[in-house]
Amino acid sequence: MKVRGLVIVLLVGLILMPLSGCANKGESKPVFALVPKSVGLVYWAAAEKGMHEAAAEEGVDCQFTGPETIDVARQISIMEGLIARRVAGIAIAPNDPTAIVPVINRAVGVGVPVVTFDSDAPESDRLAYVGTVNTEAGKLAGETLAKFLNGKGTVAISTGGLGAHNLNERVAGFREAIANFPDIREVTLQTNNDSDEEATAVAESTLSRFPDLNAFFGANAPGAPGAARAVKEAGRVGKVTIVGFDDTPLCLQFIKEGVVQATVAQRPREMGYRCIKLLVQATQGVNPPTEIIDTGVTVITAENVDEFLETGDYKI
Amino acid sequence: MNTLKAAREPKTSAFAVRETGILLVLVCMCLALAFTTPRFAEVENLLLVARQFSMFATMGVGMTMVILTGGIDLSVGSVLALSGCVAAKCIVWLAPHADAHIVVFAGILAGLATGLLCGLVNGLIVAKLGIPPFIVTLGMMSIARGLVYVITRGRPVVELPDEFFFLGQGRIWRVPFPVVCMLVIAFIGAVFLARTRLGRNIYAVGGNEEAARLSGINVDKVKIVVYSLCGLLAGFAGVTTASHLSSAQATSGLTNELDVIAAVIVGGTSLMGGSGTVLGTVIGAALMGVLRNGLILRGVSANWQLIPLGTVIIVAVVFDQLHQRRRERTQTRLQRN
């Protein structure tokens, strides 16, 4: 019976051995962590890439870690683990702007600088927000869509977590823009929970519900590709305008094919890069120049899509 | 015959083998982490890790009982979210009408009642209609999650009064309140399983349902009770989680059922039913919690984290299978003699 226990110990030891290798070389160098909303979207992989680039330039170590789903509790647990590890700095894209406040403040309280990226938690003690000014980006998306629709038509919105600060700002900006066009009407807002599969399913049901729908607005990365798949399935390519967010390879491919008309590209790699740079400076006593650091957006259409396919953020 | 004998026998020998093995693994893991990452052993970190796995362990108590009867409950994650949302919505709705303490108490009761009701429905369908638990609870998982979205329209329920926060954020002598709750609930659960007739009947039903029925045990009642308790505890976890996050989130509990089941399996409870303990489940939950914390402390990239977690589960199941076969061989040997 004791032998069995020993076998288990050995097996688990085998699991832990590669773990012990990881951090040993890094203990001398400070470690900066990047926490996405969830692991699995290619958008975050771009941020991870930016993180690695900045870390290499600064000669520090980095850690990319996040929850498996957009679960607030798990993200908080991860933050607690990072604080316990006393990483030199944390960049986080919070799933909920208020629930994350206590743990961010705790980190700052014990001397771990925190910046938010992609989505903000303005009520916390975070040093800065690095990302898109989402209301403006949303407005840009709205204006772009209105142009494609010639100021007339019905539009369905596909967004991610309904508690997400950044997405709600985008939707607000979008609505503000289309309010200037009385003949454009929003018929529904649905959530795809930051998942590619759900984005497709939600778009399909929306098209079933509104067979004469004129347009989709995807407020997060999976939104437009999901809508594109649904529009293709329904055979309505060219009859439904799609404007999305982020220049994921899939979205760009759909633009090339003419299924998606435009996307508002953020710069997640730039976000990851700037976060690490800011955190390193913070540890050297230099505070960020401003509280809101706008990484900017670009509107990508069929005209400039080739250029982005070549040099985009997602060439991993 | 053998099953009834097993049900009446004190569980001391099985206890010594199963829990000792898992406890040994947990202790080794903790020691390894404490040596390589001193910060792990800091009191505050240990307390936080305990809080992180406390709700999985609490739900694990109910899940243990369900799995002991040979069943399973996939709906716990969704019931967690639903209970939290119902509690929060109640509180928000009642807040202007009464004193904060009463409102919070009523909200917590509403959340617990929600969990109990979901569990009761699961139990009734499994017991009375004979539909496999996997399917019933899978359906409840979707229905409960769907209700969460209907009630909250996807948005978190915020603006909860401070009086609500003690449950999830309070501490007693530095120990987080959810950890205290876990210990109390686990103790009650363990005593219930080991010392009451209903508890022993749970083992009997899982060991051999037909034999249990023939020996006069009300199998339907046993099943209804275990699923109801599982739902109630998921409800408790839901209310506590909402209290911890100061908001009820529609995405709470996503994939939690897998972690709870993993804790129960790693803790030594057999998926076939009939053997396992609450203590094992708590150790299993602690193991998974420590492993997760260890992965963060060791700087393991998110992309790699799921592999060790899954491996531990497989290792535990393999160990369980080997143990089962050994037990069967021993029993056959006893029968022949």
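This section walks through a predicted model with chains A and B, beginning with chain A, moving on to where the two chains touch, and ending inside chain B.

The domain assignment divides chain A into two parts. Domain 1 is given as 28–131 + 268–294, and domain 2 as 134–265. Taken over C-alpha atoms, the centres of domain 1 and domain 2 of chain A are separated by 29 Å. Where these domains of chain A meet, 12 residues of domain 1 are in contact with 10 residues of domain 2. On the domain 1 side of this contact in chain A, the residues are five nonpolar, three polar and four charged.

Helix 3 (residues 72–85) and helix 4 (residues 101–109) of chain A have axes that come within 10 Å and cross at roughly 5°. An angle under 35 degrees counts as roughly parallel, and helix 3 and helix 4 of chain A are therefore described as roughly parallel to each other. Helix 3 of chain A contributes A:Ile76, A:Met79, A:Glu80 and A:Ile83 to the contact, while helix 4 of chain A contributes A:Val103, A:Arg106 and A:Ala107. By class, the contact between helix 3 and helix 4 of chain A is made of five nonpolar and two charged residues, with no polar ones.

A:Thr154 sits in strand 6 (residues 153–159) of chain A. Because A:Thr154 has 16 C-beta neighbours inside 10 Å, it counts as partly exposed. Leaving aside residues up to four places away in sequence, A:Thr154 touches A:Arg185, A:Val187, A:Phe210, A:Leu213 and A:Asn214.

A:Asn193 belongs to the loop between strand 7 (184–191) and helix 7 (196–209) of chain A. The backbone of A:Asn193 has a positive phi of about 55°, although this residue is not a glycine. With 23 other C-beta atoms within 10 Å, A:Asn193 is buried.

A:Pro211 lies in the loop that runs between helix 7 and strand 8 (215–218) of chain A. A:Pro211 has 8 C-beta neighbours inside 10 Å and so counts as exposed. From A:Pro211 to A:Pro222 there are 11 residues in sequence and 21 Å in space, C-alpha to C-alpha.

The two chains come together through contacts between 46 residues of chain B and 41 residues of chain A. On the chain B side, the elements that give two or more residues are helix 2 (12–36), helix 3 (43–68), helix 11, helix 13 (278–297) and helix 14 (302–336). Helix 14 of chain B gives the most to this side, with 10 residues. By class, the side of chain B that touches chain A has 22 nonpolar, 20 polar and four charged residues.

Within chain B, helix 4 (residues 76–94) packs with helix 11 (residues 219–245) at an angle of about 55°, their axes being 7 Å apart. This angle makes helix 4 of chain B oblique to helix 11 of chain B. Helix 4 of chain B passes helix 11 of chain B in a right-handed crossing. The residues in contact include B:Leu80, B:Ser83, B:Gly84 and B:Ala87 of helix 4 of chain B, and B:Gly231, B:Ala234, B:Gly235 and B:Gly238 of helix 11 of chain B. This contact of helix 4 with helix 11 of chain B has 12 nonpolar and six polar residues, and no charged ones.

B:Trp173 is found between strand 1 (171–172) and strand 2 (175–176) of chain B. B:Trp173 has a positive phi of about 50° although it is not a glycine. With 5 C-beta neighbours inside 10 Å, B:Trp173 counts as exposed.

Definitions and conventions
Residues numbered from 1 in each chain as written. Chains lettered and ligands numbered in written order. Predicted model: local features only at pLDDT ≥ 70, side-chain atom pairs only at ≥ 80, totals over all residues. Axes fitted to C-alpha atoms, helices over the stretch in contact; angles between N-to-C directions. Helix = DSSP H or I, 4+ residues; strand = E, 2+ residues; numbered from the N terminus. Parallel < 35°, antiparallel > 145°, perpendicular 65-115°, else oblique. Left-handed = near helix turned anticlockwise from the far one by under 90°. Contact = placed C-beta atoms within 7 Å. Nonpolar A, V, L, I, M, F, W, Y, C, P; charged D, E, K, R; others polar. Domains from an automatic or database assignment. Buried ≥ 20, exposed ≤ 12 C-beta atoms within 10 Å, placed from the backbone.
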